[in-house]
Amino acid sequence: MNISIIGCGAIGSELAISIDSGRIENANLVAVFDAEQISIERLKPRLHSQNVISFSSFTDLVCSQEFKITDIVVEAASQAAAKQYAKSILKYKKDFLLMSVGALSDDSFFSELINIALINKNHIYVPTGAIAGLDAIRSLKGYLDSVTLTTTKNPKALIDAPFFATNPLKLETIKKSTLVYQGDAQDAAKKFPANINVAVALGLAGVGLEKTRVEIVADPHINVNQHNIKATGPFGEILINVRSAQTSSNPKTSVLAVHSAIECLRQACGSWLKIGS
Ligand SMILES: NC(=O)c1ccc[n+]([C@@H]2O[C@H](COP(=O)([O-])OP(=O)(O)OC[C@H]3O[C@@H](n4cnc5c(N)ncnc54)[C@H](O)[C@@H]3O)[C@@H](O)[C@H]2O)c1
């Protein structure tokens with residue numbers, strides 16, 4: 001499978017290196033695209049293959065020979081990038097793995113993508129990301145009473161969230177664990193676009209975005225990204241606690257999210273053994 005990657009930051013770079021070093025069977029990296037040249041320059045020396053072509057514009061990427069032979073495009077850039085490029089990628093009949101899952105909180109965008117994918121018979125892959133247990137939540141769809149995600153991060157990992165532009169709360173004044181946000185996954189994705197992709201994945205898998213409750217806690221004493229999930233229903237109860245280290249280049253992104261992207265691509269590239277429902 002030929003792979004092109006959009007976004008060469010914390011996730012895109014590790015994914016590119018994993019493919020390049022043969023850790024994803026049946027995957028071949030053909031192109032990388034990033035709007036920032038510096039991101040490409042940081043990645044290129046870390047790749048052994050001389051055959052990976054880099055692009056700094058989406059138009060150049062889609063017009064290239066490398067794109068023609070691409071089977072799967074991975075987006076690891078931003079919600080805005082996912083929204084900007086996704087429809088074209090699917091219209092060019094490429095499978096699409098997106099990390100900026102928050103983009104799918106826009107209902108009309110989501111249905112458009114599904115329709116294009118149906119017409120073109122393409123796959124859209126949504127990785128589990130920085131949480132665990134999506135298999136169980138998906139299995140219980142229709143049998144769940146409630147799903148709540150409580151995300152705890154260091155205030156430094158919440159910097160730049162649009163939520164704080166309109167909220168009087170100042171992150172730098174937080175000295176102890178503080179609940180800064182309560183809402184649903186749809187709203188959280190807009191107010192914390194770089195932090196709460198997992199809430200959208202959880203919502204899509206389970207009770208829907210509007211019914212998935214989200215709480216965000218800023219804790220100056222925590223140095224991991226913590227996600228607690230509580231799901232209830234007639235089946236019983238699921239309690240999940242994930243505490244993942246942050247990637248060295250982006251404290252908003254959990255190391256687990258990188259490994260989840262790698263595993264999702266491994267499955268997409270036709271792993272013969274599928275473990276988990
Ligand atoms: N699904 C999950 O669980 C999960 C977990 C962590 C991060 N994410 C999301 O994955 C995405 C990537 O995360 P990251 O930590 O690698 O980010 P990053 O900031 O480390 O890297 C993003 C890269 O994409 C590039 N980029 C941004 N917008 C672009 C555009 N419009 N066109 C081309 N390039 C663009 C940037 O220049 C940068 O090099 C983010 O949207 C993040 O919110 C998802």
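Let's start with S39: an N or O atom in its side chain sits 2.7 Å from an oxygen atom of the ligand, a polar contact, meaning a pair of N or O atoms within 3.5 Å. Keep in mind that this is a predicted model, where local features need pLDDT of at least 70, side-chain atom pairs count only at pLDDT 80 or more, and totals for chains, interfaces and linings use all residues. Residues are numbered from 1 along each chain as its sequence is written, and side-chain values use heavy atoms, with hydrogens and water left out.

Next, Y85 places a polar side-chain atom 2.8 Å from a ligand nitrogen. From A130 we get a backbone N or O atom, 3.1 Å from an oxygen of the ligand. On its own the ligand exposes 860 Å², and the protein buries 84% of that (Shrake-Rupley areas, 1.4 Å probe).

So who is around it? The ligand is surrounded by 27 residues, with D34, S39, Y85, S100 and T253 the closest; surrounding here requires a heavy atom within 4 Å. By the shell's make-up, 16 are nonpolar, nine polar and two charged, with Gly counted as polar and Tyr as nonpolar.

Methods. Polar contact = N/O pair within 3.5 Å; in protein donor to acceptor, adjacent residues only side chain to side chain.
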